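Colleague: Could you walk me through this one slowly? I am still new to reading models.
Modeller: Gladly; ask whatever comes to mind.

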Amino acid sequence: PEGLPRTTTCGGRVRRAPGPIVRTVSGEYLSRDFVFDVDVTIPAGSQDLAYVGFGAGEPNPGLDNEPGAAFMFRIHNLPDVDVVHAAAARPPGDRAGTVKPADVLLHIEAIGKYVPDTKTTFRIERAGNVVTLSMPGTPGAQSVFDLGDYPELFDEGSSYLFFGNSAEGTVFSHVSVRPSWRGGRRGGGA
């Protein structure tokens, strides 16, 4: 009931490279419509970058091992940075080392702000060829992607739902996945 907190990392309560990503057993979410909700609470004392995503979620050495090959939220609770990004992250390459996010992210857009110690719902919805990342409690906080614009981002066998972070103390709770009924469709793929 208290959710899933990260209790140990190499960085303690300060952001470091992301730890293990929690993801669904099935990697077949590209073949169905769904709504994926996760509540995220980052304590005020933690310097963290949390992720909620749809795709492979494989560590990308080109950007401090952040999840790659995915549509995802990048939720910042860092000194002087409280932005929530919606992003489409390239598949991991063989280029190690820190680069600019623009070199690794095909699309990055600020859609809101994160307030420390606030339980915030992050939603990823897939309906046909449309993937929407939104913060349901924040008016206008959404980004819409067309799967046709990202044909090689990830494939049907590696389309997981996932979340993770890079410091201790962040809590992921009320995780749910349900069929999307947008547009009169029930479940089913595109």
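Colleague: Which side chain does the side chain of D48 make a polar contact with?
Modeller: The partner is the side chain of T170, at 2.4 Å, where a polar contact is a pair of N or O atoms within 3.5 Å, one able to donate a hydrogen and the other to accept it, with residues adjacent in sequence counting only if both atoms are side-chain atoms. A polar atom of the D48 side chain also lies 3.1 Å from the backbone nitrogen of A167. Please keep in mind that this is a predicted model, in which local features need pLDDT of at least 70 and side-chain atom pairs count only at pLDDT 80 or more, while totals for chains, interfaces and linings use all residues. Residues are numbered from 1 along each chain as its sequence is written, and side-chain values use heavy atoms, with hydrogens and water left out.

Colleague: And is D48 buried or exposed?
Modeller: D48 is buried, with a relative accessible area of 0%; buried means under 20%, exposed over 50% and partly exposed in between, using a 1.4 Å probe and protein chains only. D48 belongs to strand β4, which covers residues 48–60, a strand being a DSSP run of E with at least two residues, numbered from the N terminus.

Colleague: How many bridges are there between β4 and β5?
Modeller: β4 and β5 pair in the antiparallel sense over 11 bridges, and two strands count as paired if DSSP finds at least two bridges between them. Within this pairing, P59 stands opposite P67 in β5, and in the hairpin, which has 5 residues between the strands, D64 takes a positive phi near 50°.

Colleague: Why is β5 called largely enclosed?
Modeller: Because 12 of the 12 residues of β5 are buried, the strand is largely enclosed by the rest of the structure. β5 is also joined to β6 by 6 bridges, and these two run antiparallel, with I75 standing opposite V84 in β6.

Colleague: Switching to rings, how many aromatic pairs are there?
Modeller: The count comes to 10 aromatic pairs, where rings of Phe, Tyr and Trp (its six-membered ring) pair if their centres lie within 6.5 Å, and planes under 30 degrees apart count as stacked, over 60 as edge-to-face and the rest as tilted. Y29 and F34 form one of them, edge-to-face, at 5.5 Å centre to centre and 85° between the planes, and both residues are buried.

Colleague: What about F73 and F122?
Modeller: Their ring centres are 5.0 Å apart and their planes at 65°, so that pair is edge-to-face. F73 lies in β5 and F122 in β8, so the pair ties together parts that are 49 residues apart in sequence.

Methods: Helices (H or I, at least four residues) and strands (E, at least two) are DSSP runs, numbered from the N terminus.
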